[in-house]
Amino acid sequence: MSELISLTKDGEVAVITVNNPPVNALSPGVPEGIASAIEAVSKDEDVKAVVLIGSGSTFIAGADIKEFGKVTGGEKKGGSLLPLLLAIEDCPKPTIAAIHGTAFGGGLEVAMAFHYRVAAASAQVGQPEVKLGIIPGAAGTQRLPRLAGVEKAVEMCAFGEPVKAKAAFECGIVDRIVEGDLLAGAVAFAREIIASGVTPQKSRERNDKLGDEQTNAPIFAAARDQARKTRRGQTAPVAAIDAVEAATKLSFNEGCKRESELFQQCLFGDQSKALIHVFFGEREVAKIPDVPKGTPTIGINKAAVVGAGTMGGGITMNYANAGIPVLLKETSQEFLDRGLATIRKNYSNSVKKGRFSQEVMDHRMALITPTLTYDGFEEADIVTEAVFEGMDLKKQVFGELDKVCKPGAIIASNTSTLNIDEIASVTSRPEFVIGHHYFSPANVMRLLEIVRGKATSKEVIATSMALSKKLKKVGVLVGNCRGFVGNRMLAPYGREAQFLVEEGAAPQDVDGALYKFGLAMGPIAMGDLAGLDVGWRIRKEYKHLEDPTVRHPLVADRLCEMGRFGQKTGAGWYRYDENRKPIPDPEVDKLIEQASAEAGIERRQIGEQEIVERTMYALVNEGAKILEEGYALRAVDIDIIYINGYGFPAWRGGPMWFADTVGVKNVYDRISEFHAQHGKVWEPAPLLKTLAEQDRTFADFDKGKITATA
Ligand code: T1G
């Protein structure tokens, strides 16, 4: 056999092992190797049964995603796994797939072609293809309903969530859970099958679970409704539902043909390219050129958080969720009690929703130690400061922490915009100071902006990247400019949204256009959610830095002067009912018209296209400046930040990927028009000009394919 596939024997049981680290993907050579092994054992009279198992940490985790780009780019023709799966299923000897780790995508499809499946209790199975903008392409939508029933199959194929081994056993995907050594358990299972003399049934011939039109119609209708609500704008989930529905209406072969048509449609669509870009991007961001893999890291066994407000409480939960004991300090019992109560309420809500048990909640609460003093901080490996967003207070806290924390402890600030170097300057350990900028709600949003100070050591950066994975966050290293990356780009984005309102669009027009574009929430409503007073305070703090020669939005300050801070005061740009539903407010419309008149602006009709271009290209232009100034390592880092921190639709790949799909030159030309119309705030970024002139993309920039920028 090849080095990818090995074939051994345990008595009369043949064992095929896949050796394609790190995830035993079905890369070129792996399907071929399995096919050869199946052919060999079919002819070997001494072999009475066959087991397939993965080496290393997992069973086959799917097709090799790296290969898709070659297929859609025309570099190679896509191969089908279907013949291999039929060969496995038609093997004259009982075949058993032994699953550990994750049998995902093509991995599960291969396993379902085996006559039986046994799994380790910790294993998971799934068809996560929709998360890549595609659908199962190797009869997964046809075999899964035959093994697990239609409802389970639709849920797994349309929404892509993994299923644990126990649940997979209960619904019929797995035939046995193996305790102890998986291979030994699988071989023993094979010997039972041999001894039973039973002729194995082929999954493709099992039609008893396919239900009928009457039972299936409501299942598909409910799935389509859920996809509309929870996967808004995405094409793959609907295609997956159509493919599973075909399994209930067509023969197996016809169903496979229908699945293949739908798979090809998705694979060659823009959404799949964007989602595959995001898949690899979420892993790329962990790669830091001057902090190589293997950089020593600091063990994080004890943590502490200063500040039990919304952010501090959420950060504390992240550590407790990861099983790390964490101190939570406040300045008064009242604030401490309030913070703990919020944490307890959040956990209770999760228990009520069945996300985890009361026992898990109790364990997590037990890991949190509230305190009014710094007692115990000397044992913490990392302390995260999450106090009020003011430089003086942060400096005071960092000065105190520098005294109480042990040598070598990391001190991180959750600041969202303030200068990390200035904060570090009040400590004796600037190399251990770093920004850990979480996004609210900190226990939910996956993004963690890791802000590198001038003195921050490589070990502290490497530790922060490893810690973000342990906290189930996506850690992205950013530079220490004002607003870092995400919030720095949010400024021109929010500015344009407000300018559009002052020029003629209603707030709900701007939000509506961007919601339709795919954003979770429009910029005007997002301002009300975050609190208009936050930006108001920052504008007042930095008033002296504002450029007097450019126009600034007027309405948000007026709303704040009226005490309309947004949801927290029941009214901001919108009024809010008891369910926090935004309601356009005629009083605000009047205020907007007054502001337009004051700014000498003649209001006009503004279409959705301009709303999307003015706001999205504001993001892109600022992102290009950030890249050329070196505050983000790659364009994909900016994409991952916006998808995981700001609700940018992953199926559009992120703002920089979106610019590539529009065409960088088209974006540049449009920005040049805005520059002519609206003045210097729209000065095109030099990198954007360079890319446009060289007919390059931001993806090319990431690959180092452009010559130096201006
Ligand atoms: N193909 C290629 N590379 C892959 C890969 C895959 N399927 N899965 C992971 N990698 C790389 C990844 O980029 C990283 O590389 C390294 O492996 C470790 O990954 C026919 C068409 C399995 C749960 O969607 O969910 O089958 O950064 O950091 O945290 O119908 O990887 O080290 O260079 O994520 O332990 C369906 C995707 C494909 C599974 C392991 N399968 N992978 O998580 O490691 S489509 C998937 C995962 C398909 C069929 C269709 C996770 C994991 P590098 P990692 P991990």
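This is a predicted model: local features need pLDDT of at least 70, side-chain atom pairs count only at pLDDT 80 or more; totals for chains, interfaces and linings use all residues.
Local features need pLDDT of at least 70, side-chain atom pairs count only at pLDDT 80 or more, and totals for chains, interfaces and linings use all residues. Residues are numbered from 1 along each chain as its sequence is written, and side-chain values use heavy atoms, with hydrogens and water left out.

**View A. Residue shell around the ligand.** The ligand is surrounded by 26 residues (a heavy atom within 4 Å of the molecule). The closest are Ala63, Gly106, Glu109, Gly137 and Arg283. By class, the shell holds 14 nonpolar, 5 polar and 7 charged residues (Ala, Val, Leu, Ile, Met, Phe, Trp, Tyr, Cys and Pro are nonpolar; Asp, Glu, Lys and Arg are charged; the others, Gly among them, are polar). At least two shell residues come from each of α2 (66-72), α4 (106-113) and α12 (270-284), and α12 gives the most, with 3 residues (helices are DSSP runs of H or I, at least four residues, and strands are runs of E, at least two, numbered from the N terminus).

**View B. Atom pairs between ligand and protein.** An oxygen atom of the ligand is 2.8 Å from a polar backbone atom of glycine 106. For glycine 137, a backbone N or O atom lies 2.8 Å from an oxygen atom of the ligand. A nitrogen atom of the ligand is 3.2 Å from a side-chain N or O atom of lysine 66. The protein buries 76% of the 1000 Å² that the ligand exposes when taken alone (Shrake-Rupley method, 1.4 Å probe).

Note on methods:
A polar contact is a pair of N or O atoms within 3.5 Å; within protein, one must be able to donate a hydrogen and the other to accept it, and residues adjacent in sequence count only if both atoms are side-chain atoms.
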